[in-house]
Amino acid sequence: MITSAIVFDHRGRVRPNGEGPLEVRVTAGRKPYYISTGVRVHEYQWQFNKVVNHPQANALNERLGILLDKIMSLVNKCIEDGQDINVASIRRQAWETVHKQTAIEWMKKEITQLPLAYGTIKHYHTLIKRLEEFGLIMDWHDVTAENIFKFDAFIRKNVKGRGVNLSTSSAYNYHKCLKALLARAEKSELIPSNPYNRLRREFSRGEKQNTEYLTEDEMAKIQKFKPARGSFMERARDLFIFQMFTGLSFSDMTVFDISAYKKVRGKWCIIASRIKTGVPYVNQLLPPAVDVLERYDMSLPKMTNQVYNRELKQVGMACGITTPLHSHLARHTFATFMLRNGAKIENVSKMLGHTNIKMTQRYAKVLAESVHEDFDMIAAKIKKKTK
């Protein structure tokens, strides 16, 4: 007797809140065979043998139905012909029935499902444009280490076909996006392996320049500056102060909601994930940040990144600060401010939600309670200075 079913993560390897594979389980002669469908969903999205609560639910269910029918047809043929059931062969033949997308077509569709901020998604769309201009990585058989090296040379010397040299850090961003997409393709078994796994040291970010930040005197100048009430400049100044004392990025600040915070020992605290990277961070609102919120009924003024950075330049000039103010400068300033005042570097890493894998591994054991102790220490120092 032959039975079949589609099962979720039969190996039990999916992490909490992670996506797991859907596989066709065929049982013949009491022996189970598992054949990948190339579909990955969250556990809550697989109910009653159907994909639910997913933006592509209908398309995925149609694909699963076609795959299941094709797989059962191939299994039955093997048994009728007296042949062994070859999982790899059956999978390949079944996939040929439903999967005819080129690599570029798949990437374009996959980008629409990435849980990333709009600004980050734009980088992926730019990558697709460059790949189309390059023309040598269009189908799955083109995904090779050799072509990735050629693509690297192309983007460095031929940006948009204008012969503009690309910096190492900018080239790295292209590789970071392509590597992430190919990792998803590998998980879906569209490619046998991700070529980047063998190229770990080939495409680095390059040496970083010295990180700019504001001194405490410059921070005080911004706090004391009084722009016209209700002006864009005033809102920009307040948002910058909020960033300087929280370390939040602009994208995280745009979705700030005080209701997500909890009062712990009288302090506003949260453990959340960054919008851009999904990396967890720990935050506690220091007094200057709370002061900003209280001026806006415990919310933050809304402003586009473009207008924000434009107004920050005016704030900087009005305060006599030579370092050009921009959104990310506030995040650097927060980090240096905390370190200067005695916070542990491991805890500052947790506050910022660093994405560097070496740093996250290094700081993985930092406890949230320890981070809050550092926040309390800094809060006490700020309170003492303001008396």
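This is a predicted model: local features need pLDDT of at least 70, side-chain atom pairs count only at pLDDT 80 or more; totals for chains, interfaces and linings use all residues.
**Exercise 1. Are Phe-256 and Tyr-261 buried or exposed, by the accessibility classes?**

Residues are numbered from 1 along each chain as its sequence is written, and side-chain values use heavy atoms, with hydrogens and water left out.

Step 1: Buried means under 20% relative accessible area, exposed means over 50%, and partly exposed is in between (1.4 Å probe, protein chains only).

Step 2: apply them. Both Phe-256 and Tyr-261 come out as buried.

Step 3: zoom out. Of the 387 residues in the protein, 43% are buried.

**Exercise 2. Describe how the rings of Phe-256 and Tyr-261 sit together.**

Step 1: know what to look for. A pair of aromatic rings is described by the distance of the centres and the angle of the planes.

Step 2: recall the cut-offs. Rings of Phe, Tyr and Trp (its six-membered ring) pair if their centres lie within 6.5 Å; planes under 30 degrees apart are stacked, over 60 edge-to-face, and the rest tilted.

Step 3: count the pairs, then classify this one. The whole structure holds 7 aromatic pairs. In the pair of Phe-256 and Tyr-261, the centres are 5.3 Å apart and the planes make an angle of 55°, which is tilted.

Step 4: Phe-134, Phe-151 and Phe-154 make up one aromatic cluster.

**Exercise 3. Place Ile-241 in the fold and list its contacts.**

Step 1: find its element. Helices (H or I, at least four residues) and strands (E, at least two) are DSSP runs, numbered from the N terminus. The protein has 15 helices and 8 strands, and Ile-241 belongs to helix 8.

Step 2: check its accessibility. Ile-241 has a relative accessible area of 4%, so it counts as buried.

Step 3: list the contacts (heavy atoms within 4.5 Å). Skipping neighbours within four places in sequence, Ile-241 touches Ile-222, Gln-223, Pro-288 and Val-292.

Step 4: compare sequence and space. Ile-241 and Val-292 are 51 residues apart along the chain, yet their C-alpha atoms are separated by 7.6 Å.

**Exercise 4. What is buried in helix 13, and what follows it?**

Step 1: go through residues 345–352. The buried ones in helix 13 are Asn-347, Val-348, Ser-349, Met-351 and Leu-352.

Step 2: move on along the chain. Gly-353 follows helix 13 and has a positive phi, near 70°.
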